[in-house]
Structures are given as structure tokens and as C-alpha cells.
Amino acid sequence: MKFFRSKTAPQYDPDLTALTTDQADHLRELVRQYHAGIGVQATVSGRSVHRAEGTSNLYNLAEFCRRAEPGEWPELVERHFRALAGAAESTPDGQDDVLRCAYLRLIADDAIPAEMAPSFSYLRPVATGLLEALCLDLPETVRTLDDRFVAEVGPERLRAAGRANLIADPVEFDALEGPTEGSTLYAVTGDSMFVASKALVLDELARAVTGRELPEEGALFTVPSRDYLFFHPLTESEVAGAVNDLASIALRVHSENPGPLSPRLYWWHQGTVTNLTQIDEARRSFSIVPPTELMAILHRLTDG
């Protein structure tokens, strides 16, 4: 059994950033061995696997492996690629069936490898770190749709169905008192793969969770992983505490949970999402930098 121990600081892989270079190389070798074992020719490099039927991403698999013992990795590799094969086989044929399982989904802006990006040109930027994708919720996995599939069904039909299905998708929620200055935060969780994606319909989500419309000033939110969304409507004088609490939660949940999405803090305002977090990669530091319009709102709420 291979373990990853070093007396020096670990060097993280430039492509599979959740893993050290040794771990990433080990995972790539396991992927090669798996495909060789089933008689499929595959080229594994960077964060991608290239096969005759197409290219797939190792990003999510690397995240699952990071949280597992090395001895469990071969089983995770097999399960991952069997799910991908099952997704191809279980994709519905009829357009009505496709629309019934279509969803809008938030993905990280680096979730699609550069070599695959030309096949996903329809992806819509939401804010720094986030993209809006179209996907199908299948029995064994969630399939992100490429340009060819989207064109066949129709992007507007898929987006309309995906939005309606996302709004209807059930989640759990709770109102929390933040540890800083008593700010009120709403935590949204659940078994769905689309909890964080509810940020794409945050106005609808807030109405369901709080029983009220979002205020004109909007809301702060964070989507640290696919299973969590935290938000704070901009109505309280304790908004400074909410900023600090949400920023702290974003960093912690992003580092501790599978399906990490973004460690950033965002401002939803009249349907537009603005990133508030500046990240200095060299210093590995984070800071919150609100735009002038939001600063005016924060001062008004705090002084009021």
C-alpha cells in the first residue's frame, strides 16, 4: 500500500490542485491501470483522460481521493468511471425526458480542462470563480452537457427547463445566528447535487426560505461546495458581522467538504452577482473588497 509522507512541505500538483504531486501521479497511474484492465486505450495527462469516446475530467475524482485512504483509491477510480459509462447509457432519448431531468448548475470556472473548453462554449460566466452550466440529473451521476447536445435540444428550452427544475428541487434550510455580532445567516443544505446551484435562483430561494422577497439592496452569499449555500439578506445593522462570518464559513467549508466550488464571498443584486473576495495567490491571502455601491449600502445599514 502506498502512503504519502514527506519531511518537507508538500508540493501540490499544478493540474490536480487538491493533491500533492506524488498523489496526483499515483492517481493518474491508477486511472491508466483501470482502463488497461478493461481493454480501453486511454491517455492520462494533467487533469484529463482522453479516450476514443471523448475526454473526461479528473477534478472531482481527485477531490474524492483527497478525502479517502490511499487503499480506497482503486475502488473510487472504478466507481467513478463506471458511473460515467452508466451516464452515457442512461441519457434519455426523447426531448421531453431530457427536459424533465435538465438542471442549471453552478460549476467552478476551472472545472472544464482547457483542452475540453471548445466543446463547452455555451457556458455562461456568473462571477469570478463561477460558471453556469446545463446538466442532466441521471440515476448514477450528473452529466454536464456539451455544445453538441445543447444545440440538438435547444439552449433556451434547456435553460428554461433547467431553471424550473432547479427552483423545484427540495433542500433543507435553517436560520443561524452568526458568531460575530449576532448577524443572521441562512444555511441551505440537502442531499441534492444542486444545493449551491440554488444561488442561480437566489431570489426564489430566499422567498421560500424566509417567506419574504429579497430587499432591494440584495444579499451576500457564498457557495463553498456543491452541498452548501449560505446567504444574508442586506437588511440588518449587523451586516459587518455577516460579512466576516460568511467569509470565514466559505473558507472552512470549501476546504473540508467534497465537491468544493468557491471560497469567495459574493453579492447578489437585482440578478447580478459580484465577487467581493480578492485572492493573492503568491501570499495565499484573502481579503474582502466591496465595490463603491455596496460600501454605501453597508455604511447606511450600519449607521441606520
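L202 is buried in this predicted model, with a relative accessible area of 0%. Since the cut-off for burial is a relative accessible area under 20%, the value of 0% places L202 in the buried class. The residue lies in helix α7, which covers residues 202–210. Leaving aside neighbours within four places in sequence, L202 is in contact with L214, A219, F221, L229, F231 and W268.

The setting of L202 is the largest nonpolar core, which has 54 residues. Those that touch the most other members of this core are L158, L202, F221, V223, L229 and F231.

Part of the strand architecture is an open sheet of 6 strands, in the order β8-β9-β11-β10-β12-β13 and with antiparallel pairing. The edges are taken by β8 (172–177) and β13, and because each of them has a single partner strand, one side of each is left without a neighbour in the sheet. From one strand to the next, the twist averages 25°. Helix α8, made of residues 239–256, packs on the sheet and touches β9 (184–189), β10 (219–225) and β11 (228–233), with a direction that makes about 10° with that of β10.

At one end of the strand order, β12 and β13 pair in the antiparallel sense over 4 bridges, and Y266 stands opposite N275 in β13. The loop between β12 (266–269) and β13 (272–275) contains Q270. Most residues other than glycine have a negative phi. Q270, by contrast, has a phi near 55°, a positive value in a residue other than glycine. Q270 is exposed, with a relative accessible area of 57%.

A further residue, S287, lies in strand β15, which runs over residues 285–288. S287 is partly exposed, with a relative accessible area of 33%. Once the neighbours within four places in sequence are set aside, S287 is in contact with L276, T277 and Q278. Of these, T277 is 10 residues from S287 in sequence, and the C-alpha atoms of the two are 5.7 Å apart in space.

| Residue | Relative accessible area | Class |
|---|---|---|
| L202 | 0% | buried |
| S287 | 33% | partly exposed |
| Q270 | 57% | exposed |

Turning to the chain as a whole, there are 9 helices and 15 strands, and 50% of the 304 residues count as buried. Among the contacts in the chain with a separation of 6 or more, 61% are accounted for by residues 24 or more positions apart. The radius of gyration of the chain is 21 Å, which agrees with the value near 19 Å that a compact globule of 304 residues would have. Taken along the principal axes, the C-alpha atoms of the chain fill a box of roughly 70 × 55 × 30 Å. The accessible surface of the chain comes to about 15,400 Å², and 48% of this surface belongs to carbon and sulfur atoms.

Technical notes:
Residues numbered from 1 in each chain as written. Predicted model: local features only at pLDDT ≥ 70, side-chain atom pairs only at ≥ 80, totals over all residues. Heavy atoms only, no water. Helix = DSSP H or I, 4+ residues; strand = E, 2+ residues; numbered from the N terminus. Buried < 20%, exposed > 50% of the residue type's maximum accessible area, 1.4 Å probe, protein only. Pairing = 2+ DSSP bridges. Axes fitted to C-alpha atoms, helices over the stretch in contact; angles between N-to-C directions. Contact = heavy atoms within 4.5 Å. Core = buried A, V, L, I, M, F, W, Y, C linked by side-chain atoms within 4.5 Å. Rg over C-alpha atoms; globule rule 2.2 N^0.38 Å. Areas by Shrake-Rupley, 256 points an atom, 1.4 Å probe, with all protein chains shown as cover.
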